[in-house]
Amino acid sequence: MKKIGVLISGSGSNLQALIDAVDKGRIPAEISLVISDRPNAYGIERAKNKGIPACTILRKKFDDYNAFNLAVLEKLMAHKVEYIVLAGYLSILSSELVRAYPNKIINVHPSLIPAFCGMGYYGKRVHQAVLDYGVKVTGATVHLVDEGADTGPIILQKAVDVLPDDTVESLAERVLKVEHELLPKATALLVQDKLKVLGRKVIIMD
Ligand code: GRF
């Protein structure tokens with residue numbers, strides 16, 4: 001059975017969507033490890049409730065970023081993880097880690113990349129920027145992870161209308177639902193090797 005590692009930083013609602021999709025047979029793989037880079041991430045509880053090995057690896061315990069990422073990489077390899085899913089993960093991966101999993105790491109971002117993404121654009125900040133700019137459409141994106149921040153080739157996107165009375169909270173809630181739809185779909189394609197990458201383009205061989 002293909003093995004997936006999921007990296008989280010927070011509540012893990014995207015992780016839960018993956019767990020549910022695996023349970024329903026929509027992802028032909030197993031989640032064999034969950035790692036959080038933040039203490040007390042509720043996603044760790046979600047993993048433990050399902051008997052999935054889970055641990056927290058904190059950046060501040062290491063001398064530098066590369067040492068922290070190496071610890072994450074070693075844990076993933078110790079669990080024979082073949083594919084990595086970033087599900088609300090806030091740390092930037094080191095080049096070494098990305099290169100260890102070429103075109104086998106995906107990330108979900110709560111906007112239509114290349115809008116409102118990159119350094120500093122995460123969580124509610126994304127939706128605040130969307131409202132401040134006054135765009136009429138936002139959405140969610142799942143993309144392959146390369147060595148940049150939110151710059152890898154795009155796998156799936158889906159639009160979400162911005163409503164006149166939207167708040168950060170109301171918009172975040174609607175976008176999160178789309179994330180929960182797209183991430184399991186993209187993960188299923190990834191583990192079945194149905195993603196062919198041609199430069200910036202991802203061809204889905206479904
Ligand atoms: C959310 O802001 C989501 O948009 C982004 O990560 C954050 C936490 O998601 N992808 P989760 O509930 O921890 O999966």
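Analyst: Nine names line the second largest pocket: Ala17, Asp20, Ala21, Lys24, Arg26, His180, Glu181, Pro184 and Lys185. A pocket is an open set of points on a 1 Å grid over the protein atoms alone, where a 1.4 Å probe fits, with protein on both sides within 12 Å along at least five of seven lines; lining residues have an atom within 4 Å of a point. The model is predicted, so local features need pLDDT of at least 70 and side-chain atom pairs pLDDT 80 or more, while totals for linings use all residues. Numbering runs from 1 along each chain, and side-chain values use heavy atoms without hydrogens or water.

The largest pocket holds about 860 Å³ of space. Its lining is made up of 38 residues, and Gly88, Tyr89, Leu90, Tyr122 and Gly123 lie nearest the centre of the pocket. Two or more lining residues come from each of helix H1 (13–23), strand E5 (105–109), helix H5 (124–133) and helix H6 (168–191). H6 gives the most to this lining too, with five residues. The lining of the largest pocket has 16 polar, 15 nonpolar and seven charged residues.

What takes up the space of the largest pocket? The ligand does (more than half of its atoms lie within 2 Å of the grid points). Gly10, Ser11, Gly12, Ser13, Asn14, Gly88, Val108, Pro110, Gly123, Leu176 and Glu179 surround the ligand (a heavy atom within 4 Å). In this shell, seven residues are polar, three are nonpolar and one is charged.

For Ser11 the distance is 2.8 Å. For Ser13 the distance is 2.6 Å, and for Glu179 the distance is likewise 2.6 Å. On its own the ligand has 360 Å² of accessible area (Shrake-Rupley method, 1.4 Å probe), of which the protein covers 82%. H1 and H6 are the elements that give two or more residues to the shell around the ligand.

Two backbone details remain. Most residues other than glycine have a negative phi, and most peptide bonds are trans. Ile113 and Pro114 are joined by a cis peptide bond, with omega about 15 degrees. Pro114 is placed in the loop between E5 and H5. Asn40 has a positive phi, near 55 degrees, and is a residue other than glycine. Asn40 is found in the loop between strand E2 (30–36) and helix H2 (42–49).

Terms used
Grid points are joined across faces, edges and corners, and a volume is the space filled by probe spheres set on the points. Helices (H or I, at least four residues) and strands (E, at least two) are DSSP runs, numbered from the N terminus. Ala, Val, Leu, Ile, Met, Phe, Trp, Tyr, Cys and Pro count as nonpolar, Asp, Glu, Lys and Arg as charged, and the others, Gly among them, as polar. A polar contact is a pair of N or O atoms within 3.5 Å; within protein, one must be able to donate a hydrogen and the other to accept it, and residues adjacent in sequence count only if both atoms are side-chain atoms.
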